[in-house]
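Please walk through this model from its overall layout down to single residues.

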Amino acid sequence: MIELTLEQQRALARERGNLPRVVDPSTHDKYVLVREEMYERVRQRFEEDDDSQFVRAMAPHVMDVFGRDGWDDPAMDVYNDLDPRLNQ
């Protein structure tokens with residue numbers, strides 16, 4: 001387990017409830033820090049539900065977010081042509 005430095009603790013406190021993001025300077029991989037309790041809840045959801053129930057429950061929310069981000073734009077329909085599942 002990695003312990004936060006005093007500087008990192010202060011940065012975390014400044015986030016005030018936002019999920020802090022960190023970057024590994026050597027690989028440029030990005031991470032989001034979540035409290036262990038939240039991580040365990042999410043992990044359990046993926047383990048409990050055999051994809052189908054969880055995915056069905058989340059799909060409307062995900063599509064709502066995608067729509068706000070521009071996925072509803074008719075210009076995005078071109079990407080449907082690239083999905084091999086839709087071109088059978």
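Predicted model: local features only at pLDDT ≥ 70, side-chain atom pairs only at ≥ 80, totals over all residues.

Residues are numbered from 1 along each chain as its sequence is written, and side-chain values use heavy atoms, with hydrogens and water left out.

Start with the fold. The protein chain holds three helices and two strands. Read from the N terminus, the order is α-β-β-α-α. Helices (H or I, at least four residues) and strands (E, at least two) are DSSP runs, numbered from the N terminus. Of the 88 residues in the protein chain, 6% are buried. Buried means under 20% relative accessible area, exposed over 50%, and partly exposed in between, with a 1.4 Å probe and protein chains only. The protein chain exposes about 8,600 Å², and carbon and sulfur atoms supply 54% of that area. Accessible areas come from the Shrake-Rupley method with a 1.4 Å probe; for residues, only the protein chains shown count as cover.

The largest pocket has a volume of about 830 Å³. A pocket is an open set of points on a 1 Å grid over the protein atoms alone, where a 1.4 Å probe fits, with protein on both sides within 12 Å along at least five of seven lines; lining residues have an atom within 4 Å of a point. The volume is the space filled by probe spheres set on the points, which are joined across faces, edges and corners.

By class, the lining has 13 nonpolar, three polar and six charged residues. Ala, Val, Leu, Ile, Met, Phe, Trp, Tyr, Cys and Pro count as nonpolar, Asp, Glu, Lys and Arg as charged, and the others, Gly among them, as polar.

Take L12, in helix 1. L12 is partly exposed, because its relative accessible area is 34%. Beyond neighbours within four places in sequence, L12 is in contact (heavy atoms within 4.5 Å) with L4 and P20. L12 and L33 are 21 residues apart in sequence, and their C-alpha atoms are 9.3 Å apart.

Next, R35. R35 forms a salt bridge with E37, with the closest N and O atoms 3.3 Å apart. A salt bridge is a side-chain nitrogen of Lys or Arg within 4 Å of a carboxyl oxygen of Asp or Glu. The count by this rule is one. R35 is exposed, because its relative accessibility is 63%.

Last, H28. H28 sits in the loop between strand 1 and strand 2 (30-32). H28 has a positive phi of about 65°, although it is not a glycine. Most residues other than glycine have a negative phi. At 59% relative accessibility, H28 is exposed.
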